[in-house]
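Hi,

Here is the structure I promised to pass on. Have a look at it first, and then read my notes below.

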Amino acid sequence: MVIENAKYNKNTYDNSKNVSINATINGIIWSVPLDENNVHYKAILEWVADGNTIDSAD
Amino acid sequence: MSNARKLADNLPLTGAFSNRNIIINGAMQVSQRHGTSSVTVAPSDHYVVDRFKIQDYSDATFSSQQVGDAPTGFMHSSKLTVTGTDTSLGTTQYQRFLQPIEGSNVSHLKWGYGAMAKTVTLSFYVKSSLTGTFSVFCFNNSANRSFISTYTISSANTWEKKTVTITGDQSGAWLSNTGVGMYLGWSLGTGTNFQTSTLNAWDASFKMASTSQVNLAGTNGATWQITGVQLELGSKASEFEHESVGITLSKSQRYFYKETTVSTDTGGKLGVCSGGNTLVIDHALPVQMRAKPSVSLTNANLRCGDTVAQGFTTTSGTVSLNTYAGSASVTYILGGFSGMTSYRTYLTEPDGTSTGTVQFEAEF
């Protein structure tokens, strides 16, 4: 997978914690759950292991 | 030949009389992502039809498409066409077409359980503009148990049925959960690091092809098509088991689900404006997905309305997962609207202009 960028989303109710990641993967913007069974999240973790960074939520 | 003999010859030797096929969408009939559109495959992963993907890790490029050209008894096939060549694959480069099979769907094979391991047989119809020796492969989730066999395409541009029997692997670790229990696929060209001369036997390493193989990507415009893929218990290939499209669609939606863009099919989804012109929607999925899915929009043109007014539209819609995102039901947030009233209930209303809908991905 080709990951161009990744940014955390916070809980909309109380803005207290990260609940998902919005990432551009293979040219498509996906909202990705923080779940290691999810193929996109696994790819993002590998992308981070390669030295990339997930941007903080707004 | 008596009718009894004909009947006996066509019965499976092992396993059930129905629901025999471990493969999902073997007739290539469900294509939620692209329909019958041709899609360019740049080097990366890419699903052609549901559950079958091409992985191009070479310098070649392909187009992929669900097409109506198929052998007698079938309506569809998956077609790959070389649009940019790679005549000299690097040692670790490859192109392959495969289906990852969920562990819970192959746990009954008992692979990795010594003498309990059961033999399976793969059958498929294939057609290529190139003749010669091609490879099929099977390997486990850790990619340290591989089984390679070959098939020969004798006549160019002619549908041929091929059969490969895979003896059950008595060793190795084979997942039986929601992870990948088995990768089953077809090499379209594989670099030397992943080639082997050990055929029709298990190898304790990662291999995908014979040392003797056709490199499809070596010929510009070369085509390769496949359909009628069946993997079943036993050492004999029975006739392909056609199933209703509704069953195949339901099986496929465990891994990918896309709302149609036809409003009369999709219907509306009720949600509540949570403030800031965002709409929170709880969406019960048609089947429980393999894992919590990722979500994206098919396009950014969205439309919704409330009990007072229709037609809140945006051409810059967004979707984000909310806290309550599960594998059976997903709560997501649509954004990009303006003029909405907080805490009012809205209904998504896709139409001929605002065709954006949500798609859910829980593949491997």
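Let's start with a term: a salt bridge is a side-chain nitrogen of Lys or Arg within 4 Å of a carboxyl oxygen of Asp or Glu. Before you dig in, this is a predicted model, where local features need pLDDT of at least 70, side-chain atom pairs count only at pLDDT 80 or more, and totals for chains, interfaces and linings use all residues. Residues are numbered from 1 along each chain as its sequence is written, chains are lettered from A and ligands numbered from 1 in the order in which they are written, and side-chain values use heavy atoms, with hydrogens and water left out.

**Salt bridges**

Over all chains there are 14 salt bridges. In one of them, Asp69(B) pairs with Lys127(B), with 2.7 Å between the closest N and O atoms. This pair ties together distant parts of the chain, 58 residues apart: Asp69(B) sits in the loop between β4 (61-67) and β5 (77-84), and Lys127(B) in strand β7 (residues 120-128). (Strands are DSSP runs of E, at least two residues; helices are runs of H or I, at least four; both are numbered from the N terminus.)

Is Lys127(B) buried or exposed? Lys127(B) is buried, because its relative accessible area is 14%, and buried means under 20%, exposed over 50% and partly exposed in between (1.4 Å probe, protein chains only). Asp69(B), at 30%, is therefore partly exposed.

Glu361(B) and Arg33(B) also form a salt bridge, at 3.2 Å from N to O. Here the partners are 328 residues apart, with Glu361(B) in strand β25 (residues 358-361) and Arg33(B) in the loop between α1 (3-10) and β1 (39-41). Both Glu361(B) and Arg33(B) are buried. There's also a network of salt bridges that links Arg303(B), Glu349(B) and Asp351(B).

**A sheet in chain B**

Six strands make an open, antiparallel sheet in the order β1-β4-β5-β15-β7-β10. Strands count as paired if DSSP finds at least two bridges between them. At the edges are β1 and β10, each pairing on one side only. Inside the sheet, β5(B) and β15 (residues 223-233) pair over 4 bridges, and Ser78(B) has Ile226(B) as its bridge partner in β15(B).

**One buried Asp**

Asp169(B) lies in the loop between β10 (160-166) and β11 (180-190). With a relative accessible area of 1%, Asp169(B) is buried. Beyond its neighbours within four places in sequence, Asp169(B) is in contact (heavy atoms within 4.5 Å) with residues including Lys110(B), Trp111(B), Arg145(B) and Trp202(B).

Cheers
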